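Open your viewer and get ready to select residues by number. This tour visits a helix pair, then some charged side chains.

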Amino acid sequence: MTGVVIITGGSRGIGAATAELLAGQGWSPCVSYRDRADAAEEVVARCQAIGAKASAMRADVSVEDDVLRLFRAAEDELGPVRALVNNAGIVAPRSRVADFTAERLDRMFGVNVLGPLLCAREAVRRLSTASGGPGGSIVNVSSRASELGGSGEYVDYAASKAAVDTFTVGLAKEVAQEGIRVNAVRPGLIDTEIHASGGQPDRIERVKAVVPMGRAGQPLEIAEAIAWLLSDRASYVTGALLDVGGGR
């Protein structure tokens, strides 16, 4: 299966690697971004250089109107949507639960939980065979933190990703007979900018010793798992939570 795939948070890291990998496999990526228009356009240019159709769209996935515009733009510029990669996510500075603010929690759960749910809703409306759609695939990017808990760093982030896990399993069962497969990848320690954005630029060096493989993963290693779950090679896989964490 190929076609138009929406990749949220596609301007950097795992999202960018996924867009470029899928472009090389015949997909047409529409990447969303919140702040880095220049980075998103660079991803689009690399996809187009491979020979793929691609586009970029600014969207804050926690805002319903932005999600609606994202899906309409993907359809107008590239064609009917066939898949969704719910990749957009944030972390916040290292903190204990006792020091959390309501504003922090609102933003964390808005982007990491409300956003994927809104995007999945729009995807299901278009893909479900019960509504005349062609079927398709959704991959949610969760995290190993959903099981590890994030104690002393970001319990809120871990909790938001646990919500993504539950949502993945529940939606998979809900639409299994409507031609839609829903799965999640749960990356471990991955070498991306997200650590610095959360105020911990040294986190990889500090944490990698506890990873059995002794290193951080690379965005492409997660992108490969996403691409497999989207593909027909995973045609009997739905409701799965695929850990890609170097053994941790």
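A crossing of two helices counts as right-handed if the near helix is turned clockwise from the far one by less than a right angle, and left-handed if anticlockwise. Keep that in mind for the first stop. Note too that this is a predicted model.

**Stop 1: two helices**

Select residues 64-77, helix H3, and residues 102-127, helix H4. Two packed helices are described by the angle between their axes and the distance between the axes. Here the angle is about 40°, and the axes lie 9 Å apart. That angle makes H3 oblique to H4, because the roughly parallel class takes only angles under 35 degrees and the roughly perpendicular class runs from 65 to 115. Now look at the handedness: H3 passes H4 in a right-handed crossing.

**Stop 2: the contact**

Show side chains where the helices meet. On the H3 side, pick Glu-64, Val-67, Leu-68, Phe-71, Arg-72 and Glu-75. On the H4 side, pick Leu-118, Cys-119, Arg-121, Glu-122, Ala-123 and Arg-126. Colour these contact residues by type: six are nonpolar, six are charged and none is polar.

**Stop 3: a network of charges**

Side chains of opposite charge can pair when their charged atoms come close. Select Glu-64, Glu-75, Arg-121, Glu-122, Arg-125 and Arg-126 together. Salt bridges link these residues in a network. How many salt bridges does the whole structure hold? A search finds 20.

**Stop 4**

Go to Arg-69 and Asp-66 in H3. They sit three residues apart, about one turn of the helix. Their side chains form a salt bridge, with N to O at 2.3 Å. Is Asp-66 buried or exposed? Asp-66 has a relative accessible area of 8%, so it is buried. Arg-69, at 39%, is partly exposed.

**Stop 5: across the chain**

Select Arg-107 and Asp-60. Their closest N and O atoms are 3.1 Å apart, in a salt bridge. This pair links distant parts of the chain, 47 residues apart. Arg-107 belongs to helix H4, while Asp-60 is in the loop between strand S3 (55-58) and H3. Asp-60 is buried at 12% relative accessibility. Arg-107 is partly exposed at 29%.

**Stop 6**

Finish at Asp-35 and Arg-34. Their side chains meet in a salt bridge of 3.2 Å, N to O. Asp-35 counts as exposed, at 57% relative accessibility. Arg-34 is partly exposed, at 33%.

Conventions: Residues are numbered from 1 along each chain as its sequence is written. This is a predicted model: local features need pLDDT of at least 70, side-chain atom pairs count only at pLDDT 80 or more; totals for chains, interfaces and linings use all residues. Side-chain values use heavy atoms; hydrogens and water are left out. Axes are lines fitted to C-alpha atoms, for helices over the stretch in contact, and angles run from 0 to 180 degrees between N-to-C directions. Helices (H or I, at least four residues) and strands (E, at least two) are DSSP runs, numbered from the N terminus. Angles under 35 degrees count as roughly parallel, over 145 as roughly antiparallel, 65 to 115 as roughly perpendicular and the rest as oblique. Contact means heavy atoms within 4.5 Å. Ala, Val, Leu, Ile, Met, Phe, Trp, Tyr, Cys and Pro count as nonpolar, Asp, Glu, Lys and Arg as charged, and the others, Gly among them, as polar. A salt bridge is a side-chain nitrogen of Lys or Arg within 4 Å of a carboxyl oxygen of Asp or Glu. Buried means under 20% relative accessible area, exposed over 50%, partly exposed in between (1.4 Å probe, protein chains only).
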